[in-house]
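Reader: I am new to this structure. Please show me how to read it.

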Amino acid sequence: MPLPTVGRIVHYLLSEEDVARILDQLSHNPPDVSAQFNEPRLGQPYAAMVTSVNDHPVHPDVNLSVWLDGPANYFAPSRSEGTEPGTWCWPPRVGA
């Protein structure tokens, strides 16, 4: 598997803490009522851009800018690669 680099798009799986923070942010700054969006859910994958990578050569942690469904974004710092909530993974390849 390739190592992550700044600017790459990955999938980020929301953790329970992420969902709580996002809902708190949305409650303080509600989106435009005309905007249609799905509420974030535990384990839900979202597209995210790698904004920085630590310097560990084998198991780098990354900072992510997560694009939520709708007008909000979420910053997820120091996340590891994995398949459980709170981690990022490469998007699956779709058949040719």
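Reader: Which residue in S2 is the bridge partner of Val 10?

Author: Ala 48 is the bridge partner of Val 10. Likewise, His 11 has Ala 47 as its partner in S2. A word on the source: this is a predicted model, where local features need pLDDT of at least 70, side-chain atom pairs count only at pLDDT 80 or more, and totals for chains, interfaces and linings use all residues. Residues are numbered from 1 along each chain as its sequence is written, and side-chain values use heavy atoms, without hydrogens and water.

Reader: How many bridges join S1 to S2?

Author: Strands of a sheet pair through backbone hydrogen bonds, either parallel or antiparallel. Pairing here needs at least two bridges found by DSSP; strands are DSSP runs (E, at least two residues) and helices are runs of H or I (at least four), numbered from the N terminus. Strand S1 (residues 9–13) and strand S2 (residues 45–53) share five bridges and run antiparallel.

Reader: What does S2 do with S3?

Author: S2 pairs with strand S3 (residues 62–67) in the antiparallel sense, over five bridges. Within this pairing, Val 50 has Leu 64 as its partner in S3.

Reader: In what order do the five strands form the open sheet?

Author: The order is S4-S3-S2-S1-S5, with antiparallel pairing. Strand S4 (73–79) and strand S5 (88–89) are the edge strands, and each pairs on one side only.

Reader: Where does helix H1 lie?

Author: Angles run from 0 to 180 degrees between N-to-C directions, using axes fitted to C-alpha atoms, for helices over the stretch in contact (heavy atoms within 4.5 Å). Helix H1 (residues 16–28) lies across S1 and S4, at about 150° to S4.
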